[in-house]
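Let's take a walk through this structure together. Have the sequence and the 3D view ready, and follow along one step at a time.

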Amino acid sequence: MHCPYCRGTDTRVLDSRVSDDGGSIRRRRTCSSCAKRFTTVEQMQLSVLKRSGATEPFTREKAIAGVRKACKGRPVTADQLACLGQAVEDALRLSGAAEIPAHEVGLAILGPLRELDEVAYLRFASVYRAFESADDFEAEIAMLRDRRLVEEGAPCPSRDPATPQPAPTG
């Protein structure tokens, strides 16, 4: 660790504290050369394992950029996107893994995006899950409707045994 004042390399840790969320460590240091004090914050580096096998550092901005495209023309603010990015990063850090497969990043985005804006969620999911037909959209929309009904406390029509279901064809 280099002193930010004199660039000396001989520093000593005076105090270490874990942050409230447990995601970083704050260290109070002193420089042996100039005797000035400074604070450092250490944070676990998340790496994303790409499909190609390469790894790259996780960046919240890159995750938000993909979501921003899905939110184009939707009533979603930059603050809401920033909160979504924070929620995704928090979820990935809570997993405890230092290296996260790229598809896990996409899965971590889907939940908060569904809560934020259903249309943007459908756009993102259609690309992420590689929808191939209108049937894929219809199935996802049905899942969203069922989820909304369950959240409102109503029985889910697709799972309620009292609701007549169409006869299987074939």
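**Cysteines and strands**

The sulfur of Cys 31 lies 3.5 Å from the closest cysteine sulfur, that of Cys 6, which is too far for a bond. A disulfide is a covalent bond between the sulfur atoms of two cysteines; here the term is used for a pair of cysteine sulfur atoms within 2.5 Å. Cys 31 is also buried, at 3% relative accessibility, where buried means under 20% relative accessible area, exposed over 50%, and partly exposed in between (1.4 Å probe, protein chains only).

Keep in mind that this is a predicted model, in which local features need pLDDT of at least 70, side-chain atom pairs count only at pLDDT 80 or more, and totals for chains, interfaces and linings use all residues. Residues are numbered from 1 along each chain as its sequence is written, and side-chain values use heavy atoms, leaving out hydrogens and water.

How many disulfides does a search of the whole structure find? The search finds 0. Cys 3 is in no disulfide, and its nearest cysteine sulfur, in Cys 34, is 3.7 Å away. Cys 3 is buried, with a relative accessible area of 0%.

Now look at the strands (DSSP runs of E, at least two residues, numbered from the N terminus). Strands β1 (residues 11-18) and β2 (residues 24-31) pair in the antiparallel sense over 7 bridges; two strands pair if DSSP finds at least two bridges between them. Asp 15 stands opposite Arg 28 in β2. Strand β2 is also joined to β3 (residues 37-43) by 7 bridges, again antiparallel, and Ser 24 stands opposite Gln 43 in β3. The hairpin of β2 and β3 has 5 residues between the strands, and Ala 35 there takes a positive phi near 70 degrees.

Methods
Helix = DSSP H or I, 4+ residues; strand = E, 2+ residues; numbered from the N terminus.
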